[in-house]
Amino acid sequence: MLVPLSIALIGQKFMGRAHSNAWRQVARFFDVPFEPILHTVAGRDARELEAFAERWGWARATCDWQEIALDESIALVDIGTPNHVHAEQAIAMLEAGKHVACEKPLAGTLSDARAMRDAAKRAKKAKTFVWFNYRRCPAVALAQRLVAEGRIGRLYHVRAHYLQEWGAPSTPFSWRYSKKVAGSGAHGDLNAHIVDMARFVSGDEIAEIHGAVAPTFVKERVDAGTKKKAKCDVDDAVLFLASFVGGAVASFEASRLAAGHQNDNFLELNGSKGSLRFSFEDMNLLHFLDATGDARTAGWTRIMCTKGGAHPYAANWWPDAHVLGYEHGFTNMAADILRVLGKQAPEAPLPDFEDAYQTQRVLEAALVSARERCAIKLSEVK
Ligand SMILES: NC(=O)c1ccc[n+]([C@@H]2O[C@H](COP(=O)([O-])OP(=O)(O)OC[C@H]3O[C@@H](n4cnc5c(N)ncnc54)[C@H](O)[C@@H]3O)[C@@H](O)[C@H]2O)c1
């Protein structure tokens, strides 16, 4: 018999669905120390929320998320709300002694992120997690292991981009275009992921941002509800150059206006002994180049990361090359969260609030670099 662990979820749309699915699936596919109990879901629209709770099997629904803090039977609170409320909700739950799994970016602003990091430090018994789900694609987790084993040698370059195309002028206004709510645009949405992935896979920290641009191409959009024009005050794209403490150089590129790129999350690392390349739209594959062998046969190896026993998480899913999709990253993360709460080792390291705060510092440094048109050392960003 598994030990029950009651979970509450705040936010019931895109991430609400992805997380609900993960909590429902995890104990079927993984031998985890707890059985998640879908205790309460909180959101804002009572009618939508009731339907959501029924569809996904949440026992209770409430439009008052603060009730969750008062309920002693809830152990873990999962936050899938827009970025400006992460801090208030996460800090309230940590102060109530609950574990918190929060969506990325950690917050819309560096000061909110810092307050969350500090609250996590104060809440000694509570654990924190941030849903940087792409770490949990088997190919990305494998890349991290290969780099740690020294398979690409000394790291020279990191090239990362996360490009999407849904931000055309005809796209209606939403919270994602409001600085007050989102903090930033493509930057916090997309660069957050690739900065986390680059830090995770390289095992190194970014030391300096050398320059950045952060344009807003579309300055107003029609709000689908009010039919009025609303001001868009976040970036549509952010590109920046950086260097790591270990000396490697890096480029990061995020855009919502890259026509032809739907969910093009890409990371490449080049080192003295070889290279690694991951592209989410082919998420089951990792490409590895061994530069140490016979030059006549050197070339990229296409690794299908689905072999149980050889590849992270693969043993819990399907036979070889019975491929995984977007939702599996969330279920893999749910498994690792439950393992950590049960004092077991995760399959791949999990980011906590301290770790996500380091990513937020990089994001902040890039925005300051774009605004001030100068290089920014990370040591200047507290
Ligand atoms: N990990 C990923 O790949 C990924 C992908 C998409 C979004 N996200 C992140 O997830 C979070 C949510 O994004 P989304 O796409 O699910 O947004 P969404 O707009 O689809 O859903 C937001 C939900 O939050 C609820 N909500 C809004 N304000 C609230 C409040 N004050 N109190 C309680 N509930 C509130 C809304 O009712 C809605 O259910 C964001 O931080 C976003 O950056 C992460």
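Visitor: What order do the strands take in the nine-strand sheet?
Guide: That open sheet runs β16-β15-β14-β13-β7-β12-β11-β8-β17, and the pairing is mixed. Strands here are DSSP runs of E with at least two residues, helices are runs of H or I with at least four, and both are numbered from the N terminus. Two strands pair if DSSP finds at least two bridges between them.

Visitor: And which strands stand at the edges?
Guide: β16 (300-304) and β17 (376-377) do; each has a single partner strand, so one side of each has no neighbour in the sheet.

Visitor: Before we go on, what sort of model is this?
Guide: It's a predicted model: local features need pLDDT of at least 70 and side-chain atom pairs count only at pLDDT 80 or more, while totals for chains, interfaces and linings use all residues. Residues are numbered from 1 along each chain as its sequence is written.

Visitor: OK, back to the sheet. In which sense do β7 and β12 pair?
Guide: Parallel: β7 (residues 155-163) and β12 (residues 249-255) share seven bridges. Ala160, for instance, has Phe252 of β12 as its bridge partner.

Visitor: What about β14 and β15, parallel or antiparallel?
Guide: Antiparallel, with four bridges between β14 (residues 274-279) and β15 (residues 285-290). A hairpin of five residues links β14 to β15, and Gly274 sits opposite Asp290 in β15. β15 also pairs with β16, again in the antiparallel sense, over five bridges; there Phe288 has Thr301 of β16 as its partner.

Visitor: Which strands does helix α10 lie across?
Guide: Helix α10 (residues 353-372) lies across β8 (206-213), β11 (237-244) and β17, at about 40° to β8. For such angles, axes are lines fitted to C-alpha atoms, for helices over the stretch in contact, and the angle between N-to-C directions runs from 0 to 180 degrees. Contact between two residues means that their C-beta atoms, placed from the backbone, lie within 7 Å.

Visitor: Switching to the six-strand sheet: what's its order?
Guide: β3-β2-β1-β4-β5-β6, an open sheet with parallel pairing. β3 (60-62) and β6 (128-130) are at its edges with a single partner strand each, so one side of each lacks a neighbour in the sheet. On average, neighbouring strands of this sheet are turned by 25° against each other, direction ignored. Helix α4 (residues 86-95) packs on the sheet and touches β1, β4 (76-79) and β5 (99-102), with its direction at about 160° to that of β5.

Visitor: How many bridges join β1 to β2?
Guide: Eight, between β1 (residues 3-10) and β2 (residues 34-42), which run parallel. Leu5 is opposite Pro36 in β2.

Visitor: Is Thr40 buried or exposed?
Guide: Thr40 is buried, because 23 other C-beta atoms lie within 10 Å. The cut-offs are 20 or more other C-beta atoms within 10 Å of a residue's own for buried, 12 or fewer for exposed, and in between for partly exposed, with C-beta atoms placed from the backbone. Thr40 is in strand β2, and leaving aside neighbours within four places in sequence, its contacts are Ala8, Trp58, Arg60, Thr62, Ile68 and Ile74.

Visitor: And which residues of α6 are buried?
Guide: In α6 (residues 138-148), they are Pro138, Ala139, Val140, Ala141, Leu142, Ala143 and Val147. Their cover includes α8 (186-202), β13 (264-271), β14 and β15. Just after α6 comes Gly150, with a positive phi of about 85°.

Visitor: Now the ligand. How many residues surround it?
Guide: 21, and the closest are Gly11, Lys13, Phe14, Met15 and Glu103. A residue counts as near if its C-beta atom, placed from the backbone, lies within 6 Å. Helix α1 (residues 14-29) gives the largest share of the shell, three residues.
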